[in-house]
Amino acid sequence: MEVHDALRNRRTVRAFLNRPVPRESLQEILEDALHTPSWANTQPWEVHVAAGEVLERIRRTYEERTTAKVPAQPDLPFPGAWPAPCRERTKELTLGRALTRNTTTDDPAFHHEFLMANRRFFGAPCVVYLCMARALSQWSVFDLGAMCQSITLAAQDRGVESAIAINTVCYPDVLRAELGIPDDLVIVIGIALGYVDPSDPEDSFRSARRTLAEAVSFKGF
Ligand SMILES: Cc1cc2nc3c(=O)[nH]c(=O)nc-3n(C[C@H](O)[C@H](O)[C@H](O)COP(=O)(O)O)c2cc1C
């Protein structure tokens, strides 16, 4: 796959088929992604991958806690209020997703179903968790972000779709218990991986992007 196509075609898939991703494919994806650059080649990522019965246990606990309204407590806290332009873009995203389901953002059922879908990792057969040592700085989060994109693109190259989702790491104690992730690692983000369920109404949805003129300033040309 051309990089151009990969960048433009990657998208967040929010409904996966109940079909496992072979371990060999995951290994190839992660081997490619390990070529991601990092500050002074520190390679701060510690990667944990869950599938099968372990992931089902995590999923069940997440669903139970979400139903019981247990507050999310990710290791890296949620951002506070977004600046207005960012907030507008998140509103546009939510509205676009609601419209694919023939509803509006005023519909409480839409938000509830979205939360539950998030907390079941959209049915993905596999989640990759990116962690790093607690002692590291924000620059290592930057490196993990680059790693994240590498994983999604390497996955796409093998026909595996992805959803980067903070919701996958909202109960880090569950992940520590099930995956043996030590306390001195921060669990930064999870990436759900799998094969798209084409019957999902949101499968046709594509999020908007700022134009080049809006996002980029050129000088000296
Ligand atoms: C750090 C990060 C966290 C995210 N968390 C979630 C999440 O919890 N749930 C979700 O549905 N999407 C999540 N997303 C996906 C974004 O909403 C999505 O990338 C964005 O809307 C752009 O759409 P696209 O990925 O389809 O191009 C997250 C993305 C990033 C980069």
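The following legends describe close-up views of a predicted model.

Residues are numbered from 1 along each chain as its sequence is written, and side-chain values use heavy atoms, with hydrogens and water left out. Because the model is predicted, local features need pLDDT of at least 70 and side-chain atom pairs count only at pLDDT 80 or more, whereas totals for chains, interfaces and linings use all residues.

**View 1. The four-stranded open sheet.** Four strands form an open sheet in the order E1-E2-E4-E3, with antiparallel pairing. Strands (E, at least two residues) and helices (H or I, at least four) are DSSP runs numbered from the N terminus, and two strands pair if DSSP finds at least two bridges between them. Strand E1 (46–51) and E3 are the edge strands, each pairing on one side only. On average, neighbouring strands of this sheet are turned by 25° against each other, direction ignored. Axes here are lines fitted to C-alpha atoms, for helices over the stretch in contact, and angles run from 0 to 180 degrees between N-to-C directions.

**View 2. Strand E4 and its two partners.** The antiparallel pairing of E2 and E4 comprises eight bridges. Leucine 130 has isoleucine 189 of E4 as its bridge partner, and valine 128 stands opposite isoleucine 191 in E4. E3 and E4, which also run antiparallel, are joined by five bridges; serine 162 stands opposite leucine 193 in E4. Strand E4 is mostly covered, with 10 of its 10 residues buried. Buried means under 20% relative accessible area, exposed over 50%, and partly exposed in between (1.4 Å probe, protein chains only).

View 3. Helix H7 lies across E1, E2 and E4 and runs at about 80° to E4.

**View 4. The largest nonpolar core.** A nonpolar core is a set of buried Ala, Val, Leu, Ile, Met, Phe, Trp, Tyr and Cys residues joined through side-chain atoms within 4.5 Å. The largest such core has 24 residues, of which Phe16, Ile58, Tyr62, Tyr129, Leu175, Leu179 and Ile181 touch the most other members. At least two residues of this core come from each of helix H3 (52–67), strand E2 (126–133), strand E3 (161–165), helix H7 (172–179) and strand E4 (185–194). Leucine 179 touches His48, Ala50, Val54, Ile58 and Tyr129, not counting residues up to four places away in sequence; contact means heavy atoms within 4.5 Å. Another core, of 23 residues, lies apart from the largest one and has Val21, Ala33, Leu130 and Val188 among its members.

**View 5. Tyrosine 62 and its aromatic partner.** Tyrosine 62 is found in helix H3 and counts as buried, at 0% relative accessibility. Leaving aside neighbours within four places in sequence, tyrosine 62 is in contact with Arg119, Phe121, Asn167, Thr168, Val169, Cys170, Tyr171, Val174 and Leu175. Rings of Phe, Tyr and Trp (its six-membered ring) pair if their centres lie within 6.5 Å; planes under 30 degrees apart count as stacked, over 60 as edge-to-face and the rest as tilted. By this rule the structure has five aromatic pairs. The rings of tyrosine 62 and phenylalanine 121 have centres 5.1 Å apart and planes at 75°, so this pair is edge-to-face. Phenylalanine 121 lies in the loop between helix H5 (108–119) and E2, 59 residues from tyrosine 62, and the pair thus links distant parts of the chain. Ring pairs also link Trp39, Trp139 and Phe142 into a cluster.

**View 6. Cysteines without disulfides.** The structure holds zero disulfides, a disulfide being a pair of cysteine sulfur atoms within 2.5 Å. For cysteine 86, the nearest cysteine sulfur is that of cysteine 148, 18 Å away. Cysteine 86 is partly exposed, with a relative accessible area of 29%. For cysteine 170, the nearest cysteine sulfur is that of cysteine 131, 14 Å away. Cysteine 170 counts as buried, at 0% relative accessibility.

**View 7. Positive phi at two loop residues.** Alanine 40 has a positive phi of about 50° although it is not a glycine. Alanine 40 lies in the loop between helix H2 (23–33) and E1 and is exposed, with a relative accessible area of 68%. Lysine 69, also not a glycine, has a positive phi of about 60°. The loop between H3 and helix H4 (84–100) holds lysine 69, which is exposed, with a relative accessible area of 71%.
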